[in-house]
Amino acid sequence: MIGELENDFKLNMTRSKLKRAKVMILEKLDGSFNDEYNKLKAYGQELRLSNPGSNVAINISKDTLEEGKRRFLRLYICFQALKLGFKSGLRPLIGLDGTFLKGKCKGQLLVAMGQDSMNQFYPLAWAVVDKETSRTWSWFVDLLKRSLDLNNGAGVTFISDMQKGLLDAVSTVLPDAHHRYCARHIEVNWLKKIEEWRNEEVDVVVYLEYL
């Protein structure tokens with residue numbers, strides 16, 4: 001593109017100038033990220049109006065509020081239709097997991113998934129948080145508990161990896177719930193450990209039994 005600009009328009013452009021120009025053009029076409037975050041409150045209100053009974057929680061950083069600013073912290077969504085589906089006959093089985101957001105705006109996506117009678121995934125709720133910690137997981141699980149009327153978790157089984165913050169959150173918020181580990185995560189962790197042992201030239205035989 002630099003060559004085309006120089007040949008066609010006699011413009012001497014550097015790569016950094018082109019990047020800045022691209023950002024300015026995209027912001028004019030699609031709006032800036034700040035504009036989108038400023039619309040979150042209206043978005044949450046529209047979700048509540050168009051989906052009565054849905055739970056939408058938007059948290060703003062208290063630290064920035066004290067400075068007279070508003071900075072997005074967390075977002076939680078659970079649609080009424082999904083709540084009714086879970087309560088109407090889904091298995092009392094909930095999977096919890098988190099993953100990194102890799103776009104321009106970093107953070108983590110927390111999700112709660114169910115499973116229907118056809119063994120298909122059934123989304124229950126999701127949240128966007130700054131970090132995957134015991135505090136954010138407790139916040140998410142507590143909202144999920146209220147959305148699905150889980151009380152203390154009796155009769156419900158959770159499946160997850162062994163992320164400590166997640167384990168602490170479930171045991172604290174839902175003390176009567178059962179908690180099991182995901183077999184895939186167990187396998188991946190074992191394979192990593194075996195590879196470490198192999199690199200250390202240690203002879204190891206491991207038996208994995210899935211019940």
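**Entry 1: strand S2 and its neighbours**

I started with Ala 57, whose bridge partner in S2 is Tyr 76. This is a predicted model, so I kept to local features with pLDDT of at least 70 and side-chain atom pairs at pLDDT 80 or more, while totals for chains, interfaces and linings use all residues. My residue numbers run from 1 along each chain as its sequence is written, and side-chain values use heavy atoms, with hydrogens and water left out.

I took helices (H or I, at least four residues) and strands (E, at least two) as DSSP runs numbered from the N terminus. Two strands pair if DSSP finds at least two bridges between them. Strand S1 (residues 55–60) pairs with S2 in the antiparallel sense, over six bridges. S2 also pairs antiparallel with strand S5 (residues 121–129), over three bridges, and there Leu 75 has Val 128 in S5 as its bridge partner.

Is S2 largely enclosed or open? Six of the seven residues of S2 (residues 72–78) are buried, so the strand is largely enclosed by the rest of the structure. Buried here means under 20% relative accessible area, with exposed over 50% and partly exposed in between (1.4 Å probe, protein chains only).

Strand S3 (residues 93–101) and strand S4 (residues 107–115) run antiparallel and are joined by seven bridges. I found Asp 97 opposite Val 111 in S4.

Which helices lie across these strands?

**Entry 2: rings**

I then looked for ring pairs: Phe, Tyr and Trp (its six-membered ring) with centres within 6.5 Å, called stacked with planes under 30 degrees apart, edge-to-face over 60 and tilted for the rest. The count comes to four aromatic pairs. Tyr 76 and Phe 140 have ring centres 5.8 Å apart and planes at 65°, so their pair is edge-to-face. This pair links distant parts of the chain, with Tyr 76 in S2 and Phe 140 in helix H7 (residues 134–148), 64 residues apart. Both Tyr 76 and Phe 140 are buried. Trp 137 and Phe 140 are also edge-to-face, at 5.7 Å centre to centre and 75° between the planes.

Ring pairs join Tyr 76, Trp 137, Trp 139 and Phe 140 into a cluster. The charged end of Arg 74 sits over the ring of Trp 139, 5.4 Å from its centre; the rule asks for NZ of Lys or CZ of Arg within 6 Å of the ring centre and within 35 degrees of the ring normal.

**Entry 3: cores**

Last, I checked nonpolar cores (buried Ala, Val, Leu, Ile, Met, Phe, Trp, Tyr and Cys joined through side-chain atoms within 4.5 Å). The largest has 31 residues, and those with the most contacts inside it are Tyr 76, Ile 94, Leu 96, Phe 140, Leu 144 and Phe 158. H7 gives the largest share of this core, seven residues. A second, separate core of five residues includes Leu 40, Leu 47, Leu 75 and Ile 77.
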